[in-house]
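The sequence and the model come first.

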Amino acid sequence: GNHQDVVKAVSDACNKYGINLGIYYSAWDNNWDLNHGKQNDAEYNEYMRNQITELLGGDYGLNGQITELWIDGNWEKEAD
């Protein structure tokens, strides 16, 4: 598989040209439901918080700063 940190590559390119970085995060990961079941909301919420914490942790963006974070998700999650 591809183990490249794509966010880091984009962040580095932004830094090279002095461009602020904005990040889009989709709150719904359909693969999670397929691999972990739909009844694992608490576990998924922890997973999602960890991902967002990593994105905003200072390793990305111009001088470690993220200019924008878009979190998308508007759906009804139905139980099995």
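## Terms and basis

A residue is called buried when its relative accessible area is under 20%, exposed when that value is over 50%, and partly exposed in between, with a 1.4 Å probe and protein chains only. The model is predicted, so local features need pLDDT of at least 70 and side-chain atom pairs count only at pLDDT 80 or more, while totals for chains, interfaces and linings use all residues. Residues are numbered from 1 along each chain as its sequence is written, and side-chain values use heavy atoms, with hydrogens and water left out.

## Overall layout

The protein comes to three helices and two strands, where helices (H or I, at least four residues) and strands (E, at least two) are DSSP runs numbered from the N terminus. Read from the N terminus on, these elements follow the order α-β-α-α-β. Of the 80 residues in the protein, 20% are buried. Among contacts (heavy atoms within 4.5 Å) with a separation of 6 or more, 65% are between residues 24 or more positions apart.

Helix 3 (residues 41-55) has 15 residues, and the 21 Å from its first C-alpha to its last is close to the 21 Å expected at 1.5 Å a residue; the expected span is 1.5 Å times one less than the number of residues. Within helix 3, Tyr44, Met48, Ile52 and Leu55 are buried. These residues lie on the same side of helix 3 because they cover an arc of only 70° around the axis, the arc being that of the directions from the helix axis to the C-beta atoms.

The face turned away from this buried side carries the exposed residues Ala42, Arg49 and Thr53. The buried residues of helix 3, for their part, pack against helix 1, strand 1 (21-26), helix 2 (30-36) and strand 2 (66-72).

## The nonpolar core

The largest nonpolar core holds 12 residues, namely Cys14, Leu21, Ile23, Tyr25, Ala27, Trp32, Tyr44, Met48, Ile52, Leu55, Tyr60 and Ile66. Such a core is a set of buried Ala, Val, Leu, Ile, Met, Phe, Trp, Tyr and Cys residues joined through side-chain atoms within 4.5 Å. Strand 1 and helix 3 are the elements that give two or more residues to this core, and helix 3 gives the most, with four residues. In soluble globular proteins, nonpolar side chains tend to be buried together.

## The paired strands

Strand 1 and strand 2 pair in the parallel sense over six bridges, pairing being assigned if DSSP finds at least two bridges between two strands. Tyr25 stands opposite Ile71 in strand 2. The covered face of strand 1 consists of Leu21, Ile23 and Tyr25, and the uncovered face of Gly22, Tyr24 and Ser26. In a regular strand the side chains alternate between the two faces of the sheet.

Ser11 is placed in helix 1 (residues 6-17) and is buried, with a relative accessible area of 0%. Leaving aside residues up to four places away in sequence, Ser11 touches Leu21, Asp59, Tyr60 and Gly61. With the neighbours within four places in sequence set aside, Leu21 is in contact with Val10, Ser11, Cys14, Tyr60, Gly61, Ile66, Thr67 and Glu68.

Ile66, in strand 2, counts as buried at 19% relative accessibility. Ile66 and Ile23 are 43 residues apart in sequence, yet 7.4 Å apart in space, C-alpha to C-alpha. Leu56, which lies in the loop between helix 3 and strand 2, is partly exposed, with a relative accessible area of 44%. Not counting residues up to four places away in sequence, Leu56 touches Ile66 and Leu69; the C-alpha atoms of Leu56 and Ile66 are 6.8 Å apart, and the two residues are 10 residues apart in sequence.

## The aromatic pair

Rings of Phe, Tyr and Trp (its six-membered ring) pair if their centres lie within 6.5 Å, and planes under 30 degrees apart count as stacked, over 60 as edge-to-face and the rest as tilted. By this rule the count comes to one aromatic pair. The rings of Tyr44 and Tyr47 have their centres 5.6 Å apart and their planes at 45°, so the pair is tilted. Both residues lie in helix 3, three residues apart, about one turn of the helix. Tyr44 is buried, with a relative accessible area of 8%, whereas Tyr47 counts as partly exposed at 27% relative accessibility.
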